[in-house]
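Trainee: I would like a close look at one hairpin, and then at how its surroundings compare in kind. Please keep it brisk.

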Amino acid sequence: MSYDLCEELIIEIFSRLPSKSLLRFRSVSKSLCACIDSPDFIQLHTLQSPKKVLIIHQFPYEREEHLKNIYTLHAQGQFPNNPCTGIPQIKFPFSFKIVGSCNGIICICGNGDLHLWNPSVRRMVTIHDLSSWCRRYYECISAGVLGFGFDPITNDYKILRITTPTSYIYSMKTRTWREIASPVTPLITFVKLDQCLFNGALHWAVKRYLTDARDECDYFIMKFDLSLEVFSTIELPEPSWETSVVTIIKGCLGVISSDNHDRSWIWVRREDNNTDSWCVAYKLDTNPFKGAGRVFQITPNDELLYNVHSNGIRVYNLGTKRLSKLVASSEPSTSLIDMDVCVENLAWIVR
């Protein structure tokens with residue numbers, strides 16, 4: 001450490017640097033390496049890191065018959081219509097589906113296994129257990145529901161596998177699966193697979209049939225507390241309206257619903273006097289989010305980024321009502337297949 005600056009100031013400066021620079025600086029000295037590798041510094045660096053958008057591109061590589069993936073990382077406030085322009089493209093060894101992300105760690109399902117992947121340091125931990133079930137999940141989304149998040153009480157990353165009659169949870173600390181009670185609501189294919197992690201809990205939109213003939217239904221949110229490891233439900237303001245997206249809008253839990261006239265509402269859940277209530281944040285005369293998967297508010301000026309299953313990635317400006325579709329590439333057979341929002345994290349820098 002320099003004698004001209006106090007150690008606290010040096011740590012504060014280094015905590016705001018990108019991971020790529022810090023990885024190089026580890027070779028400067030043993031003391032600096034120990035500082036960067038310490039859990040306290042890794043946690044501070046993660047908290048200081050700005051959010052980035054990770055986009056998965058899929059296209060055939062040279063003389064290869066099967067598709068491969070690359071990924072690109074983008075600053076939230078400088079998002080281009082063509083995410084390939086001027087951005088380093090990093091090859092990934094196999095095709096995968098994103099389960100969820102937290103603190104820069106991304107849970108993916110592919111190559112017959114579950115994996116926890118850190119794109120900042122390009123390290124991956126493979127979860128071999130239950131690989132046959134993971135393969136069914138990747139090939140057939142009706143096999144069940146996966147969730148991923150961070151337990152702030154035990155400081156542990158957890159993977160949730162929801163099936164009936166028994167569900168399972170994986171602890172990164174213990175590297176083991178264990179059984180937990182499944183949700184009371186029957187779990188079939190009407191559970192939306194795209195999770196929303198908010199305030200230490202996982203959330204999914206659920207379609208509930210009210211008759212055996214399935215001619216009448218309503219919607220609600222299924223919630224899983226990662227610390228208590230219990231399921232609960234959250235009722236929606238208009239349960240009869242179609243709701244397939246749970247997201248975070250202006251720091252609050254939000255949902256996107258549409259009525260029979262193809263109009264859409266964005267609701268947010270606010271806490272007032274220790275009680276939670278829903279209020280309308282935006283009302284739209286159209287439904288630009290039809291078929292949307294993950295939805296993220298990527299800029300302060302009301303822009304929402306979302307992927308449409310099998311139809312690319314779009315940006316919708318709630319103020320101007322302008323909808324644009326991101327261009328995959330000028331190369332034929334290229335597509336944008338998935339995306340998520342993450343921060344830089346130095347976890348697993350040493351393994």
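Trainee: Which residue in strand 7 does N118 stand opposite?

Mentor: N118 stands opposite R123 in strand 7. First, the ground rules. This is a predicted model, where local features need pLDDT of at least 70 and side-chain atom pairs count only at pLDDT 80 or more, while totals for chains, interfaces and linings use all residues. Residues are numbered from 1 along each chain as its sequence is written, and side-chain values use heavy atoms, with hydrogens and water left out.

Now the hairpin. Strand 6 covers residues 113-118 and strand 7 covers residues 123-127. Strands (E, at least two residues) and helices (H or I, at least four) are DSSP runs, numbered from the N terminus. The two strands pair in the antiparallel sense over 5 bridges. Pairing requires that DSSP finds at least two bridges between two strands. Between strand 6 and strand 7 lie 4 residues. R122 sits in that turn and has a positive phi of about 55°.

Most residues other than glycine have a negative phi. N103 is not a glycine, yet its phi is positive, about 55°. It lies in the loop between strand 4 (97-102) and strand 5 (105-110). N103 has 30% relative accessibility, so it counts as partly exposed. The cut-offs are these: buried is under 20% relative accessible area, exposed is over 50%, and partly exposed is in between (1.4 Å probe, protein chains only). K321 is another such case, with a positive phi of about 65° although it is not a glycine. Its loop runs between strand 22 (313-317) and strand 23 (322-325). At 46% relative accessibility, K321 is also partly exposed.

Strand 8 is joined to strand 9 (residues 156-162) by 7 bridges. Within this pair, G149 stands opposite K158 in strand 9.

Last, a helix. In helix 4 (residues 39-48), the buried residues are F41, I42, H45 and T46. They cover an arc of only 135° around the axis, so they lie on the same side of helix 4. That arc is taken from the directions from the helix axis to the C-beta atoms. The face turned away carries the exposed residues P39, D40, Q43 and L47.
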